Amino acid sequence: MQENRADRRSIAGYPATLEEFVHAGLKVSVYRVARLEDVVDREALLREERVDEPPYWAHLWIGARALARRLAESGTMAGRRVLDLGCGVGLPGLVAAALGGEVRFVDREPAALEFVRHSARRNGLEGVRLADLDFTRDSLTTDFDVILGAEVVYDPASYTPLCEFLDRHLRPSGEIHLTYAFRCAAERFFAELRRRGFAGWREPRREWEDGRPRGLFLWTFRRSG
């Protein structure tokens with residue numbers, strides 16, 4: 001991804017910079033927080049017992065980049081209703097929308113949704129929808145053909161409500177695409193999805209993180225019945 005230094009602005013109170021995602025003949029622009037290290041107080045994280053949560057949504061995680069590449073390689077999402085769950089700055093969902101999908105972006109952080117709104121406008125994507133929602137306790141009134149989750153499997157306390165949310169909102173013939181970058185022990189989450197009647201398979205990928213390649217899995221789940 002290449003940064004466009006000519007387009008700098010403030011979004012939701014954060015300094016924003018524009019980057020270009022280019023893969024498989026597709027180009028999408030995405031706004032992200034500039035100088036992210038300036039808004040994370042590393043010393044406070046080490047020193048204080050209670051500090052404000054760092055803006056994890058603002059990171060462009062390797063799982064989001066890998067999932068965006070997978071979607072770009074798929075060629076089209078036309079006619080498919082897509083959910084970008086825990087979207088952060090929304091790269092996978094923006095790619096799905098650029099490929100013709102009807103995309104809803106969901107995150108519990110309003111600032112994240114503001115970044116997505118600006119990115120969608122920059123790319124001329126008019127049909128996207130945004131929802132401020134916490135999947136551990138909230139629901140939507142819609143089901144989806146495709147649910148995207150870039151590194152949303154990281155907190156064991158959320159595993160059961162996440163499985164319930166995915167089960168509730170996926171259409172019978174739909175697909176779930178998740179990325180897992182080994183930042184936590186997630187065996188219990190995947191086991192619970194299988195107990196709910198989902199069959200899954202994984203594809204290894206590699207993305208650059210902190211100046212070196214890092215491995216991760218792209219998981220696809222469908223109902224096995």
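**Close-up views of a predicted model**

The protein, shown here as a predicted model, has 6 helices and 10 strands.

**View 1. The protein as a whole.** Of the 225 residues in the protein, 52% are buried. Among contacts with a separation of 6 or more, 65% join residues 24 or more positions apart. The accessible surface amounts to about 11300 Å², and carbon and sulfur atoms hold 45% of this area.

**View 2. The largest pocket.** This pocket has a volume of about 810 Å³. Its lining comprises 41 residues, of which Y56, W57, R108, E151 and Y154 are the closest to the centre. At least two lining residues come from each of β4 (81–85), α3 (91–98), β5 (102–107) and β8 (170–180). By class, the lining consists of 25 nonpolar, 7 polar and 9 charged residues.

**View 3. The largest nonpolar core.** A set of 42 residues forms this core, within which W57, V95, F105 and F115 have the most contacts. Two or more residues are given by each of β2 (14–23), β3 (26–33), α2 (62–74), α3, β5, α4 (110–122) and β7 (144–150). The element that gives the most is α4, with 6 residues. Another core, of 29 residues, lies apart from the largest one and includes I147, L162, L170 and F190.

**View 4. The surroundings of F105.** Neighbours within four places in sequence are left aside in this view. The remaining contacts of F105 are with D84, C87, G90, G93, L94, L113, V116, V128, R129, L130 and A131. F105 is also one of the residues with the most contacts inside the largest nonpolar core.

How values were computed. Residues numbered from 1 in each chain as written. Predicted model: local features only at pLDDT ≥ 70, side-chain atom pairs only at ≥ 80, totals over all residues. Heavy atoms only, no water. 1 Å grid on protein atoms, 1.4 Å probe; cavity = no way out; pocket = protein on both sides within 12 Å on 5 of 7 lines; lining within 4 Å. Points joined across faces, edges and corners; volume = space filled by probe spheres on them. Helix = DSSP H or I, 4+ residues; strand = E, 2+ residues; numbered from the N terminus. Nonpolar A, V, L, I, M, F, W, Y, C, P; charged D, E, K, R; others polar. Buried < 20%, exposed > 50% of the residue type's maximum accessible area, 1.4 Å probe, protein only. Contact = heavy atoms within 4.5 Å. Areas by Shrake-Rupley, 256 points an atom, 1.4 Å probe, with all protein chains shown as cover. Core = buried A, V, L, I, M, F, W, Y, C linked by side-chain atoms within 4.5 Å.
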